[in-house]
Amino acid sequence: MGSIFKLSFFRLTAFVIVTAFEENSLNWFDSRFILMEQEVIESEMILPTNLSFKKIQMHEKYPKGQARGRHWKHLKQIIQAENYQNYPADEPNYVNIESPPSMHPRKQICDITGFEAPYSDPRTHLRYANTEVFKLIRSLPNEYVQRYLALRNAAVVLK
Amino acid sequence: MPFISRTQRQTDYNLIPPSCPIVIDNGASYFRIGWAGESEPRIIFRNIVQRPRHKITGETVTIVGDHDPMLLKYFDCTRSGPRSAFDNDVVFQFEIMEYILDFAFDRLGADEAPINHPILITECACNPVHSRSKMAELLFETYGVPSIAFGVDAAFSYKYNQQLGICDRNGLAICSGFTTSHVIPFINGEPVYEACCRTNVGGYHVTDYLKQLLSLKYPHHMQRLTWEKVEDLKMEHCYITLDYASEVRLFQKGAKEAEEKTRCWQLPWTPTPVEEPPSEEEIARKTALKERQGQRLREMAEAKRSSKINELENELKGLEFLIQQLRHVNGNDIPSFLAETGYVSKQEIESAIVKVTQSLRKAKGEQDEIEEKPEISNSEKYTLIDIPDNMLTPEQVKEKKRQLFLKTTSEGRQRAKQKRFEEELERERRNKEDEQRRLENPELYMEQLLVKYKDLSEKVEQRKRLKTNGNNGNENVSGGVGRGERLNAAQKERMRLLTTAAFDRGKGEDTFGIKDEDWQLYKKMSKDNDDEDEGPNEDEAELARVASKLREIDPTFFPKSDASSSGTEPPRFRPLRKEDFQILIGVERFRCPEILFHPNLIGIEQAGLDEMAGVSIQRLQSKSQSLEDSNGLTNSILITGGSCLYPGMSERLEAGIRMIRPCGTPIRVLRASDAVLDAWLGAASFASTMHFQRQVFNKTDYYEKGEDWLRRYQLKYSF
């Protein structure tokens, strides 16, 4: 109950602020737009800063000067905060429905060409299909080796 | 067929009654919004936001969706890449979501506050409550929406196709989206989320894989391979094969079908204009010009020299005049007389005269003066050397030592000159011999040269390989510790020295460095490296000489360096040809979509699409324990989602599922009528039914019932 009251109050004040702001700032924004190129304005690709159907405008919600890269929770943090272990395990939730690891035999293809690769290079851990590819692998600079391995998520990541 | 965005501002917002719901399909790739009951969404755009700075005014603006890249040149886009509100398939960045909704509502034509229509918005399966509640809050608070309903896009798609008669009430929906792929079974028209299955592989991963593979294969065309271009390539050329192994064998053998299947993308390329050999007039004109310039320079030099000579002569005359005057002047008056002129004594004037005469002679170009000097000094030097020590004063002894030193050095210099002269003679002789041999027997000579070239080139290559392998090995493992076979001789030596130095000392204590001799270690190490570097240089010089001789004689000889250059860099010697600007896509065409079925090709340890279907059915069986239903499921498998539009997808899925299910079960794979838009169409048709009104929740509900209720909120799709 209390939260609703607070919210409506906030909305009222926000409304007042919005109208005041609009009157003052419309001219300010207009003049800035005039400085932009004609075709940019015509194409209307820029989002206007004040939208009539919004109750709270963006620049009020996220005032300039504060760190724009707000700390929104990433998926991992969201999942952790969900506390799925407190709920019964057979209820489907985001984590439950994930696929298990594959039971099929792993497909091994050459990292460079895509052919079937029965061999792997002990030095760089790349897979290769035949001797020409092997020659190529041995002549690759380290940067490329790491990028090929990164395709397979097998690169050495130094943290 | 690339998707086209539609962002025309709609004008009929005010004409639509407030009871008509707005239907939003919030997908990770595209955002679609429209009115319920219509046959297509009004606005479609890519679900990304960019915030670049305007170059001139300096303010930061927001651009939603994809726009004409030509217009973006007015903005500084270096620090602002396109950002998405999604992480996997869950919305987490609500600031970006707000920009997107702003844009969408604005283009839909909304202009009065608040948005007075109920909203049906799609989300992923089993969306976390945090994301759901934040989305509800955003819509209620900022836009003033009266009521909201959440639904799963795959379910809407299935229901729509069920209405169209494509699939049955019981079936399986395989939805392959931008970042994830879901498999959801349907029993009696309702999705069974307990048996749902999700793999985190989607169209984004396929495009990314293709982009990386092409960038690695063609590093110089990396700027051309932008994300959008690669996505176009993927949509146009990629397909899924029934059996990867057999298809790839075709390419390995180099069969003709493989040639046909390889697509070639020719980048725009202009051949370098061939320089015509300059005509005779041109040559004559140029030489005349050069001559004129040379002459001009020579004249200038002459003028300078003559002016310098004049100056010196004047000075000399002045000084001689002074001396003459001095003779006339009295001895006592000399200092005062000289004070005016700036010289202190007669000797100074005389020495000045000598200097000036010398420089004058030099300017006039008399070379004999210089050559006389060493001979004079030679005869001077040896005066003291022959006299034994005890007969000289200490000063004279010092003088004698100096003369001795000078004599030895000059003798050494002469000897070196002699040696050089002899070497020149020797080389001349050898060249003459070579020429003779060549003239006598050209073929034999050429063969011998070729053999020598081959040997030398092998040696050089081997050393180069050793070096680069050593370097590669050292880069791979940070630091110096490596395996023995990788290091070349110098580095092995260095390792050995360091380790022996470390182990030589007492137990547990590192006393290296207390004695000064310890540091000599490093001198030894660097010397070794130097020795290594000098050797190959000789060989390489020899190699170059032989190569040049061969090139002279034999018109068909090409130095080996051109042939053996590795594929990563084209040799800079030959002109760029049309083929350098072609990008060939052969194996990648079916290698990239393969990751949908084998995610471990890109390192994601999850099941592929066909296996997911099996997992889903298994989960269903364990939940509901009724086998007949599950058997009937495979009779109606619907594939939707943008990532299922590859040719060959249905056949592959069928084959894959047949492998898992018991023999004889009916398997029917059905394609959705419009894989991309079906989710929105299903949602729109759902929202236009009476059923929808009972399923929405409004703001008071949301705040009263709390988060727990929201978690359990699920849409019911059938009537």
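Tutor: In this predicted model, a residue counts as buried when its relative accessible area is under 20%, and as exposed when that value is over 50%.

Student: Is Asp434(B) buried or exposed?

Tutor: The cut-off for a buried residue is a relative accessible area under 20%. Asp434(B) has a relative accessibility of 16%, so the residue counts as buried.

Student: Which residues is Asp434(B) in contact with, leaving aside its neighbours within four places in sequence?

Tutor: Asp434(B) belongs to helix 12 of chain B, which covers residues 394–440. Once neighbours within four places in sequence are set aside, the contacts of Asp434(B) are Tyr445(B) and Lys549(B).

Student: What percentage of the residues in chain B is buried?

Tutor: Chain B has 22 helices and 21 strands. The chain comprises 719 residues, and the buried share of them is 44%.

Student: What percentage of the contacts in chain B with a separation of 6 or more comes from residues 24 or more positions apart?

Tutor: The reference set is the contacts in chain B with a separation of 6 or more. Within that set, residues 24 or more positions apart account for 68%.

Student: Where does helix 22 of chain B bend?

Tutor: Helix 22 of chain B spans residues 699–712, and a straight helix of its 14 residues would reach 20 Å at 1.5 Å a residue. Its end C-alpha atoms are only 17 Å apart, short of that value. The helix bends by about 110°, and the position of this bend is Gly706(B).

Student: Which elements of chain B do the buried residues of helix 22 pack against?

Tutor: The buried residues of helix 22 in chain B include Tyr702(B), Leu710(B) and Arg711(B). The packing partners of the buried residues in this helix are helix 2 (129–143) and strand 21 (697–698) of chain B.

Student: Which residue of chain A forms a salt bridge with Arg198(B)?

Tutor: Between chain B and chain A the count is five salt bridges. In the salt bridge of Arg198(B), the closest N and O atoms are 2.6 Å apart, and the partner is Glu98(A).

Methods:
Residues numbered from 1 in each chain as written. Chains lettered and ligands numbered in written order. Predicted model: local features only at pLDDT ≥ 70, side-chain atom pairs only at ≥ 80, totals over all residues. Heavy atoms only, no water. Helix = DSSP H or I, 4+ residues; strand = E, 2+ residues; numbered from the N terminus. Expected span 1.5 Å × (residues − 1). Bend = angle between axes of the 7 residues up to and from the residue. Buried < 20%, exposed > 50% of the residue type's maximum accessible area, 1.4 Å probe, protein only. Contact = heavy atoms within 4.5 Å. Salt bridge = Lys/Arg side-chain N within 4 Å of Asp/Glu carboxyl O.
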